[in-house]
Amino acid sequence: MLSADEAADLIEAIATRQDRAAFSRLFQHFAPRVKAFIMRSGADPEAAQEVAQEALIMVWRKAASFDRTKASASTWLYTIARNKRIDHLRRNNRPAIDTDDWLTVFAPEDEDADKSVLAGQTYTRLKELLGGLSADQMLVIEKAFFEDKTHTAIAEELKLPLGTVKSRIRLALARLREGLERDES
Amino acid sequence: MSRHPAPDELLLDYAAGALPDGPALAVALHVALDPGSQRTVDRLNAVGGALIDREPVPDFGGENDAAALERVLARLDDVPVEPHPRAADRRHSTFDWAPAPLVPHLRPGMDWRRVMGKFDEIRLDLPGDFHRVSLLRLEAGRGLPEHRHAGYEYTVVLQGGYTDETGNYGVGDFAVGTGDQRHEPIADPGEPCIALIVVENPIVLTGPWGRWLNPLVSRGWI
């Protein structure tokens, strides 16, 4: 296992001294997890493995853009892997602008003042709050993240009115907001 | 924080990576301009991180795993660790109102084109996406022809503002139009209103000229 702090140390070691041993440890920890995550969307093991590898190579390239005071290493990896999944699964046969160039722009150093802090204890707290969501709310959230489905597609699949799915999402987000803001004040 | 943020469910679609490119670009621009929605997306991304942390995985260390790591390490020889970018690198030299996520989509030579003598347009080409994605520019006091939508329409204001039957929209504001609405946006006084508009299906004009113009719209000529 790798703690959030250890993972952040490893990414910084890549940024400051191109540390290959640090990269290997990150790879060993995250590549299988990202692969498992991507396979939940129905991707075959080879494709999922490739997305995981592309994501880890991106971690190497962009290590200097990681800011441990703003986001956890897992969150940062999630956004990179998500973009690689979009590039890989949707854009197999068409030339396009890399999703990384615009969907989650790696925040420039002088422009991230508005970024909220979701690292350290706040990240741990968010995980606890996630555990407190209702099964109905969690189902919708997991379908979105794992299966790459819009709320409209989720409503169709679950045969629920669109309004029901929207209100589950809004209630889930309200609970996260409430819990995190109570801690901040 | 803007007065018209994107709805939570659309921010979830965006953070989950489920939106087609056109709507994803609209949400990306809104998020770049709206700290409140940025915070929500940061939280949703952290949910994604938490879901990765929760993945039960088999131990790393088999022969295949070691070989995969070796292959990736060999590839790193050709991959430099890039320096941290600066905000100035993300600005467009001509279109200084463009938020960072729009810049890669503005190719050299793209420029405003006058449409129906009323407004200016730059059509963006997002390969493989069925949405019509355009930047529109309206001088103060000018309006778009009254129209309704056959599908969803997403609008993000990038400069100036406009007012229609549903309210007043300023920089960063996000509007979702649905098929049953008619509206007639008018640009607010001051600098021209510039907005990104993403339309699911071609717009249907409802004014007196609609009968003549709709065939041209549906062919993508205007």
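How many salt bridges are there over all chains? The count comes to 29. This is a predicted model, and the tour below visits a few of these pairs. Keep one idea in mind: side chains of opposite charge can pair when their charged atoms come close.

**Stop 1: inside one helix.** Select Glu128(A) and Arg125(A). They form a salt bridge, with the closest N and O atoms 3.2 Å apart. Both sit in helix α5 (residues 120-131) of chain A. They are three residues apart, so about one helical turn separates them. Color Arg125(A) by accessibility: at 22% relative accessible area, Arg125(A) is partly exposed.

**Stop 2: between two helices.** Now select Lys143(A) and Glu157(A). Their closest N and O atoms are 2.8 Å apart, in another salt bridge. Lys143(A) belongs to helix α6 (residues 135-147) of chain A, and Glu157(A) to helix α7 (residues 151-158) of chain A. The pair links distant parts of the chain, 14 residues apart. Glu157(A) is partly exposed, at 35%.

**Stop 3: between two strands.** Move to chain B. Select Arg132(B) and Glu121(B), whose side chains meet in a salt bridge of 3.5 Å, N to O. Arg132(B) lies in strand β3 (residues 132-138) of chain B, while Glu121(B) lies in strand β2 (residues 119-124) of chain B, so the pair ties together parts eleven residues apart in sequence. Arg132(B) is partly exposed, at 23% relative accessibility. Glu121(B) is buried, at 3%.

**Stop 4: a network.** Return to chain A. Select Asp5(A), Asp9(A), Glu12(A) and Arg68(A) together. Salt bridges link these residues in a network.

Definitions and conventions. Residues numbered from 1 in each chain as written. Chains lettered and ligands numbered in written order. Predicted model: local features only at pLDDT ≥ 70, side-chain atom pairs only at ≥ 80, totals over all residues. Heavy atoms only, no water. Salt bridge = Lys/Arg side-chain N within 4 Å of Asp/Glu carboxyl O. Helix = DSSP H or I, 4+ residues; strand = E, 2+ residues; numbered from the N terminus. Buried < 20%, exposed > 50% of the residue type's maximum accessible area, 1.4 Å probe, protein only.
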